[in-house]
10 protein chains.
Amino acid sequence: MSQHPIATLDASLIPRLPASSPTLFEAKKAKNLSFEAIGEAIGRNEVAVAALFYGQAQASPEDIKKLSELLDIPHATLSARLSGFPDRGRSLEMPPKDPLVYRLYEIVQNYGPAYKAVLNEKFGDGIMSAISFSTKVEKEVDDKGEWAKITLRGKWLPYSRF
Amino acid sequence: MSQHPIATLDASLIPRLPASSPTLFEAKKAKNLSFEAIGEAIGRNEVAVAALFYGQAQASPEDIKKLSELLDIPHATLSARLSGFPDRGRSLEMPPKDPLVYRLYEIVQNYGPAYKAVLNEKFGDGIMSAISFSTKVEKEVDDKGEWAKITLRGKWLPYSRF
Amino acid sequence: MSQHPIATLDASLIPRLPASSPTLFEAKKAKNLSFEAIGEAIGRNEVAVAALFYGQAQASPEDIKKLSELLDIPHATLSARLSGFPDRGRSLEMPPKDPLVYRLYEIVQNYGPAYKAVLNEKFGDGIMSAISFSTKVEKEVDDKGEWAKITLRGKWLPYSRF
Amino acid sequence: MSQHPIATLDASLIPRLPASSPTLFEAKKAKNLSFEAIGEAIGRNEVAVAALFYGQAQASPEDIKKLSELLDIPHATLSARLSGFPDRGRSLEMPPKDPLVYRLYEIVQNYGPAYKAVLNEKFGDGIMSAISFSTKVEKEVDDKGEWAKITLRGKWLPYSRF
Amino acid sequence: MSQHPIATLDASLIPRLPASSPTLFEAKKAKNLSFEAIGEAIGRNEVAVAALFYGQAQASPEDIKKLSELLDIPHATLSARLSGFPDRGRSLEMPPKDPLVYRLYEIVQNYGPAYKAVLNEKFGDGIMSAISFSTKVEKEVDDKGEWAKITLRGKWLPYSRF
Amino acid sequence: MSQHPIATLDASLIPRLPASSPTLFEAKKAKNLSFEAIGEAIGRNEVAVAALFYGQAQASPEDIKKLSELLDIPHATLSARLSGFPDRGRSLEMPPKDPLVYRLYEIVQNYGPAYKAVLNEKFGDGIMSAISFSTKVEKEVDDKGEWAKITLRGKWLPYSRF
Amino acid sequence: MSQHPIATLDASLIPRLPASSPTLFEAKKAKNLSFEAIGEAIGRNEVAVAALFYGQAQASPEDIKKLSELLDIPHATLSARLSGFPDRGRSLEMPPKDPLVYRLYEIVQNYGPAYKAVLNEKFGDGIMSAISFSTKVEKEVDDKGEWAKITLRGKWLPYSRF
Amino acid sequence: MSQHPIATLDASLIPRLPASSPTLFEAKKAKNLSFEAIGEAIGRNEVAVAALFYGQAQASPEDIKKLSELLDIPHATLSARLSGFPDRGRSLEMPPKDPLVYRLYEIVQNYGPAYKAVLNEKFGDGIMSAISFSTKVEKEVDDKGEWAKITLRGKWLPYSRF
Amino acid sequence: MSQHPIATLDASLIPRLPASSPTLFEAKKAKNLSFEAIGEAIGRNEVAVAALFYGQAQASPEDIKKLSELLDIPHATLSARLSGFPDRGRSLEMPPKDPLVYRLYEIVQNYGPAYKAVLNEKFGDGIMSAISFSTKVEKEVDDKGEWAKITLRGKWLPYSRF
Amino acid sequence: MSQHPIATLDASLIPRLPASSPTLFEAKKAKNLSFEAIGEAIGRNEVAVAALFYGQAQASPEDIKKLSELLDIPHATLSARLSGFPDRGRSLEMPPKDPLVYRLYEIVQNYGPAYKAVLNEKFGDGIMSAISFSTKVEKEVDDKGEWAKITLRGKWLPYSRF
């Protein structure tokens with residue numbers, strides 16, 4: 001378990017997020033729960049939970065029920081604010097300005113053609129889906145320090161022939 | 001081993017790549033070698049090899065020696081063309097237009113704030129290094145089809161206090 | 001059959017296209033073949049053929065063989081120039097400047113949220129794939145004049161739950 | 001009939017939409033009506049209805065009357081908010097960030113020149129109108145899964161000779 | 001008849017124009033013909049002729065024949081270079097940098113909403129076509145000096161109801 | 001006289017317009033007056049009136065007096081809100097997203113160099129003024145339908161020699 | 001000690017800063033403290049303090065305690081507003097418009113490749129970290145006037161070999 | 001003295017550099033000289049020398065003479081290629097894509113307002129000159145590793161009062 | 001003395017200006033004072049005064065005292081709102097949309113390289129300071145009409161040699 | 001007379017300049033003439049001459065004759081290369097990267113609204129023409145150093161009333 005503080009939402013970010021985001025983040029702060037803890041409680045990966053909090057993933061009826069109980073948010077309130085289909089991509093301006101997120105962008109910029117070449121050689125002409133997709137974040141520690149490991153896993157979609 | 005053709009370099013891409021790229025890709029094509037095969041031969045990961053071919057990674061003297069032998073490129077020629085420090089980021093215009101690379105960009109756009117929140121909770125205030133960093137691509141097959149798995153692993157760098 | 005001239009490639013466009021494009025367009029012009037005629041000859045839709053000519057689709061070995069015969073291009077030449085994996089999206093700068101292509105862009109701009117809402121209501125949270133995808137162009141004539149009909153058909157991909 | 005929830009409007013999107021949008025979406029949500037159901041009730045295609053809700057299409061006096069009755073919005077209120085000429089294109093920033101809408105943009109980016117070549121060969125020099133235009137969304141199911149089909153149909157307009 | 005020199009093509013502009021442009025402009029210069037004179041000779045408006053020279057309009061077979069004779073360009077050469085469908089919009093980067101063209105852009109920027117309001121009031125919801133369209137330039141002289149008058153005339157296209 | 005509804009101002013557009021715009025548009029709507037009717041009443045062209053409503057033209061003291069009477073706006077109120085010098089160009093983001101306004105932009109993009117060449121041949125080196133300038137919109141009807149005609153008339157300004 | 005007034009926060013900048021910024025700046029103004037004075041009081045460099053005020057650096061619990069005491073801000077208030085992880089980069093639009101900040105940008109623009117070449121020669125292939133990083137500002141005075149000296153000091157990170 | 005290879009110029013970068021750059025870099029490579037060594041030989045800082053090689057600084061007649069001798073470039077050749085006034089800023093596209101240079105850009109982005117506040121408090125209203133300016137790069141080694149130190153020193157220019 | 005109305009501030013511009021701007025402009029309007037009149041009263045050039053009103057120049061304590069008296073603004077109010085260091089460049093988006101300001105931008109665009117060449121020949125390698133700088137606007141009348149004359153005067157700063 | 005070297009043209013700038021530019025600059029270099037000297041010889045201001053060399057101003061037949069004689073360029077060659085109408089604005093990308101030209105851009109950015117306010121108060125609603133316009137550069141020396149003075153003088157054009 002981490003000794004670090006939990007992630008919260010600064011009020012100045014609210015205008016670019018869906019109406020559900022401040023509701024969720026306030027409750028998370030009040031309960032002092034990490035995304036990992038919430039994920040374990042509702043049976044989803046912590047990255048998916050964080051994406052849901054930022055309006056980047058859809059909540060199922062079960063998610064809503066569990067989040068409502070865990071976070072003490074009235075079910076009707078939460079259900080109303082999470083009822084729509086996510087309008088993804090609004091929580092971040094590209095290119096990212098925050099250094100942590102920029103590093104991910106830089107990895108795409110620097111290794112993008114290499115990934116493409118290797119993926120094409122392994123799978124042929126197609127793409128790795130970002131929809132039929134899951135991801136996770138892991139922490140590894142060795143004598144050189146701490147390492148972050150991000151795994152991206154997506155279904156391979158070959159181009160249709162027509 | 002893959003049944004797919006190998007990745008080659010279209011001549012129209014040459015102007016935005018370093019002088020070493022066409023030399024390397026032509027030899028790769030002549031030998032019909034995948035990046036995986038080259039990586040195994042020279043002891044480096046295939047993504048690193050592809051990055052090196054696109055001018056996004058530096059070759060060590062041993063890399064140059066082994067590539068020269070493997071690809072039948074005169075050592076002096078290869079050494080001269082790979083002698084500089086890479087000027088990274090030039091092989092790709094952002095946002096990426098190719099759908100395969102765009103999907104990686106989209107993952108950053110959609111999950112960027114979620115990754116940041118989860119990483120901050122796990123590690124504190126800092127970034128995952130894209131320099132003290134390695135990556136790999138794997139292929140998984142199950143009854144639903146083929147899956148691409150990309151792993152990003154970077155040293156965690158906490159912000160200095162000053 | 002159309003009474004209109006066939007589409008050709010202006011030399012000034014070559015620098016932003018793959019090396020196969022001028023080869024293919026010159027042979028098409030010499031044979032005076034429409035994309036419809038080529039598509040019928042090789043068993044592919046005319047839009048796919050045009051996309052292949054612009055470097056936006058991959059040719060199978062059979063495609064290469066048939067195109068080589070139909071267009072009198074030496075098989076080795078054509079095979080060499082079409083051997084790579086397409087680096088898609090390079091043939092067009094966005095937003096499109098040509099009025100015909102701009103109208104398609106405008107349809108996305110004006111109806112994009114409406115398509116999203118209707119698709120979400122019909123299919124749930126997900127996307128219409130642009131990879132597992134086919135398209136066609138048809139001509140309809142009635143007493144008001146000529147009508148172009150473009151059909152886009154893609155596999156529905158629901159977001160994975162993780 | 002779909003088992004999926006209906007599309008609603010997140011409050012954070014209101015500033016970039018006309019004043020009629022929140023009024024219409026709130027009533028739609030209260031009645032729990034899909035765009036398909038509304039379209040059938042007022043005799044218009046569901047995509048046109050969704051476009052009207054997003055301020056991308058004009059409502060006729062009959063549309064206003066029927067929507068007022070169907071959605072229990074006072075006629076004067078609805079009439080006042082829908083009385084202007086649509087200022088189209090404001091509901092979406094380009095390039096689209098949401099993956100569903102981006103896929104449509106990507107289709108234009110990748111197939112734009114192919115569409116142009118095929119349309120020119122079929123119709124000559126001109127454009128497919130996006131004004132004298134209709135569109136529809138259909139769902140097809142086969143043993144491979146669900147497929148979305150979008151049809152674009154526009155009048156062909158040849159360039160005037162002057 | 002004007003006492004001013006004729007418009008010519010600077011060599012540095014050639015890369016962004018179709019292959020027909022330098023051929024046409026060189027012949028125009030050799031014959032010292034204004035666009036007005038060419039327009040009269042081939043029966044087209046001078047703006048249409050200039051647009052044709054810049055690759056923004058299509059030449060009919062009769063245009064090609066007459067231009068070939070008037071400009072002493074071999075018919076086969078001219079026909080080959082003018083045979084494609086124009087890829088419009090490539091001759092100008094927007095916003096325009098040249099002050100003369102910028103003034104036209106500024107008129108759209110400043111009066112755009114006013115034109116829209118007035119056109120909507122006169123015609124209803126729709127657009128003035130830029131395809132079913134003609135334009136002309138006239139010179140007027142009065143005691144205050146010289147005045148340029150540009151007329152834009154396009155078919156009114158009402159939005160389809162669907 | 002037109003059978004079409006009059007142009008009104010959607011509330012969501014107010015933030016990018018001067019303070020006078022909502023005052024004027026509300027009064028126009030209350031009186032149900034077209035710009036043509038207002039223009040006739042105050043002795044100005046309807047495009048100039050619409051530009052004035054959008055903050056793109058200056059009102060003279062007589063204009064303010066007449067508008068105040070015609071629209072039943074207290075003179076002091078109107079005078080205060082129209083007293084400044086217009087800060088032009090703020091009512092429209094370029095490139096325009098609305099199809100009607102985009103078509104005008106497209107005309108500049110496609111015909112800009114042609115206009116320049118023809119104007120230079122007729123007038124020499126200079127520009128058509130967009131300041132010492134007037135414009136009007138006319139409607140023409142023939143057996144092919146309705147046509148919009150926009151006239152731009154500006155003083156020719158030759159470059160000074162220094 | 002400086003005779004110059006202290007830096008304050010204009011109210012119009014608040015929307016792009018985190019919620020802690022106005023709280024901190026108001027207290028700083030009330031106490032009339034320079035960043036240098038605050039830095040000395042809490043044991044941090046003045047640039048780090050200013051970055052903290054702009055939401056570009058994280059406050060430790062001790063920082064919060066000391067700032068609370070120094071600035072007479074209730075500890076709970078300050079702690080709540082500074083509890084999140086900084087979302088860096090939001091306080092400045094690039095390229096910078098303010099001349100002072102633009103000069104720093106210009107230094108990167110003009111000397112960027114020179115810094116890279118010299119750093120590569122001194123350290124090999126890698127980067128100077130902006131995370132494991134400190135900076136300071138000093139004032140020097142000589143007979144030619146006043147000089148500002150900014151020092152950037154970052155850990156050298158060599159690219160990993162993989 | 002460094003054990004690292006020297007910086008060289010990749011041929012693909014030549015088009016965006018002045019004519020003197022390839023001449024200088026080729027000679028540097030032939031002599032295998034670092035910028036530090038060249039700087040010592042001609043009496044200038046190594047960053048200034050690198051800037052001169054990239055066309056970002058002017059060479060004095062003495063610089064040209066010494067460089068000519070040191071690098072065995074005919075004086076007349078070097079003098080001709082270095083005779084112009086530098087057109088600065090052309091060697092780098094902003095934002096920088098290379099990670100090393102991006103980190104410097106990121107420092108400006110993240111600390112820009114902090115630098116401004118601290119400089120204003122120390123010096124009043126003005127800027128640090130980037131013209132009356134010098135810079136240097138130093139290497140420091142401690143038990144945590146290697147550190148790069150960049151010093152920026154510029155004359156303080158107060159805003160004139162007028 | 002001018003017969004023209006004075007410049008005022010439209011309320012819709014307030015969000016992008018510092019808090020002092022509306023205070024100053026309202027008082028100016030109430031007193032019906034031109035910038036010329038204010039400049040004479042406080043002993044500064046009218047352009048500097050206007051820049052101060054737009055937050056582009058700093059007010060000295062004497063300026064604040066005199067403005068307070070002249071404009072009947074309580075000294076404490078004005079002092080508080082003008083106490084910060086200007087964050088310049090925020091009052092204008094570039095490229096400018098207003099035609100008057102665009103003409104200045106166009107002069108830089110068209111004559112920029114010419115100014116550079118002439119200044120370099122007169123002064124050597126350096127810049128004209130925009131900080132150690134003053135400017136003024138004058139009106140000249142001759143038989144051809146009215147002429148505006150803008151003078152820019154800045155200290156020449158030669159590049160430091162290091 | 002200046003002791004500074006004359007301005008020359010770096011070969012890498014040629015592609016964005018008209019065909020006349022290298023011809024003129026080479027001759028200028030061979031004759032070692034400053035723009036001031038050329039201006040005196042042909043009776044035009046040095047800024048106008050430099051603008052002419054960069055393709056930003058038109059040469060009269062007398063200019064061509066005098067330049068031909070002064071620079072020893074065959075009259076037919078020069079006449080051919082200078083015969084077109086200038087396509088202005090191509091010699092500079094905006095925003096300018098070179099610090100000297102950027103300072104002029106910054107002056108417009110910082111003082112643009114102030115100039116507008118002052119000009120409007122002096123002249124009413126209109127613009128200072130950049131066409132009916134002249135400019136000059138002067139050098140002033142006092143005990144504080146050298147000062148550059150740039151004068152912009154343009155005809156005032158009031159907006160037409162229509």
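The passage below looks at chain A, at its contacts with chains B and G, and at a strand pair in chain J.

The model is predicted, so a pLDDT of at least 70 is needed for local features and of 80 or more for side-chain atom pairs, while totals for chains, interfaces and linings use all residues. Residues are numbered from 1 along each chain as its sequence is written, chains are lettered from A and ligands numbered from 1 in the order in which they are written, and side-chain values use heavy atoms, with hydrogens and water left out.

Six helices and two strands make up its elements (DSSP runs numbered from the N terminus, helices being H or I of at least four residues and strands E of at least two). Read from the N terminus, their order is α-α-α-α-α-α-β-β. The C-alpha trace of chain A spans about 50 × 50 × 30 Å along its principal axes. Of its 162 residues, 64% are buried, that is, under 20% relative accessible area with a 1.4 Å probe and protein chains only, where over 50% is exposed and anything in between partly exposed. Contacts (heavy atoms within 4.5 Å) were also sorted by sequence separation: among those in chain A between residues at least 6 apart, 52% join residues at least 24 apart.

Next comes the interface of chain A with chain B. Each of the two chains brings 74 residues to the contact. The buried area, meaning the accessible area (1.4 Å probe) that two parts lose on being put together, summed over both, is about 7,200 Å² here, and carbon and sulfur atoms give 68% of it. Ten salt bridges, written 10 in the count, cross this interface; each is a side-chain nitrogen of Lys or Arg within 4 Å of a carboxyl oxygen of Asp or Glu. One of them links Glu36(A) to Lys122(B), at 3.9 Å from N to O. On the chain B side, at least two residues come from each of α2 (35-42), α3 (46-53), α6 (99-123), β1 (126-142) and β2 (145-158). The largest share, 24 residues, belongs to α6(B). By type, the residues of this side are 38 nonpolar, 17 polar and 19 charged (Ala, Val, Leu, Ile, Met, Phe, Trp, Tyr, Cys and Pro count as nonpolar, Asp, Glu, Lys and Arg as charged, and the others, Gly among them, as polar).

Strand β2 (residues 145-158) of chain A runs antiparallel to β2(B), joined by nine bridges; strands pair if DSSP finds at least two bridges between them. Within this pairing, Gly154(A) has Ala148(B) as its bridge partner.

Chain G touches chain A as well, with 18 residues from chain G and 14 residues from chain A. Together they bury about 1,300 Å², 48% of it on carbon and sulfur atoms. Phe85(G), Arg88(G) and Arg90(G) supply 33% of the area that chain G buries there, more than any other three residues. Two salt bridges are counted between these chains, including Glu93(G) with Lys97(A), whose closest N and O atoms are 3.8 Å apart. The chain G side holds 11 nonpolar, three polar and four charged residues.

Finally, chain J shows a strand pair of its own. Its β1 (residues 126-142) and β2 (residues 145-158) pair in the antiparallel sense over 13 bridges, and a hairpin joins β1(J) to β2(J) through two residues. Lys136(J) has Thr151(J), in β2(J), as its bridge partner.
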